[in-house]
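Okay, everyone, thanks for coming.

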Amino acid sequence: TDKDGDGVMDGATTWADGLDHVQGLLPMNGGLLATTRTAILFLKDTDGDDVADQIDRLFVSNEPRHNQLQISCPRWGLDNAIYLNNGLDAKEIYPEGNEDAKVDVTKLNLRYDPFTREMSPVTGSGQFGGSLDDFNRRFFCSNRNPVMFAVMPLEAVKRTPLAGIGLGHEDVQPPGAPVWPIAISHTTSKAHAGTHTAACGLGVYRGDLIPDLKGNIFVCDPTSQLVTRNQLVQNGASYTAERVGEKKDFLVSGDEWVRPVNVRNGPDGALYVCDMYRRFIDHSRFFPEDFSEAHYMRAGVDQGRIWRLVPKGGKAPAIQPLPEGTADLVKELESDNAWRRVEAHRLLLEKN
């Protein structure tokens, strides 16, 4: 919590713990939607003591091979639905207690309607990192695929089987695109050196604090301690994500422990970067056994920080709470900062 409104956090409370690898959070209905290893949960503090006492399992999914392949990245869409990434390993999902209602989501992302409570597959298959732009266009990524775009709706792909189009999404930046780190990192994939090998946390900047970044797509690569910046260029019905900067990435660190893993828009219009901060980013199973035994592979598990990016020489404005009245919330739909538009949209829906 930021008690004095200066934009710096000065207090922390454990609101919920003991959960199974939470990798996605989204505010809704006075609580949080949380994606975990094998379930999608809804958590809420109903008695005001800053502890989530309501924990409902909304959906159950299959066990992923390992935790980086689980369902994640819930995002509110303009069509009143929540979009989620498959994680690459999700094959089936069903409402808690109703296995007969299983939905096949193999190699497909997901769309959840919080009003009908229907879960359905949609075009694309993203790992950790999904984002929507101002027109509800969906972008996502996986380790080697820094920017993918959902070009065609899944329904259109299915009804034209003779068109030779098997996928509704495409890479709008080449898989394994080059990156320019300034420090060598410990990684098991030497063959991927100098290229995207852990692309994740993709985000479209939709804030109003840094106008020249508006609409750009940022992709984290924690293996190389950096974040790339990409500009979308129209390419027929799709796009090409072109890198901004000549052999120079947007954010690069010489500290080998720096691990940017997520990019998000903030309520103040700034761009936020989540830095996991670990000595090793690869899972220990991908290192030689004798190396894993000789080193503490979870070094930095008690670390981590969030960077807030503002214009050079400037500072982020104080965060203003959203209004409660319906008419004032409607006015927020005109905000130049998409965070305020999205949250006002959500609150209007929840107020019915």
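So, the largest cavity has a volume of about 80 Å³. By cavity I mean a set of points on a 1 Å grid over the protein atoms alone where a 1.4 Å probe fits but cannot get out, with lining residues having an atom within 4 Å of a point. The volume is the space filled by probe spheres set on the points, which are joined across faces, edges and corners.

Before I go on: this is a predicted model, where local features need pLDDT of at least 70 and side-chain atom pairs count only at pLDDT 80 or more, while totals for chains, interfaces and linings use all residues. Numbering runs from 1 along each chain as its sequence is written, and side-chain values use heavy atoms, with hydrogens and water left out.

Back to that largest cavity: its lining includes C73, Y83, N109 and F140. Strands β5 (72-76), β6 (82-85), β11 (130-132) and β12 (138-142) each give two or more residues to it; strands here are DSSP runs of E, at least two residues, numbered from the N terminus.

The second largest cavity comes in at about 60 Å³, and W76, D133, R206 and H345 are among the residues lining it.

Now, the cores. A nonpolar core is a set of buried (under 20% relative accessible area, 1.4 Å probe, protein chains only) Ala, Val, Leu, Ile, Met, Phe, Trp, Tyr and Cys residues joined through side-chain atoms within 4.5 Å. The largest one has 18 residues, with Y205 and F218 among those with the most contacts inside it. β21 (271-275) is one of its suppliers, and β21 gives the most, 3 residues.

Definitions and conventions
1 Å grid on protein atoms, 1.4 Å probe; cavity = no way out; pocket = protein on both sides within 12 Å on 5 of 7 lines; lining within 4 Å. Helix = DSSP H or I, 4+ residues; strand = E, 2+ residues; numbered from the N terminus. Buried < 20%, exposed > 50% of the residue type's maximum accessible area, 1.4 Å probe, protein only.
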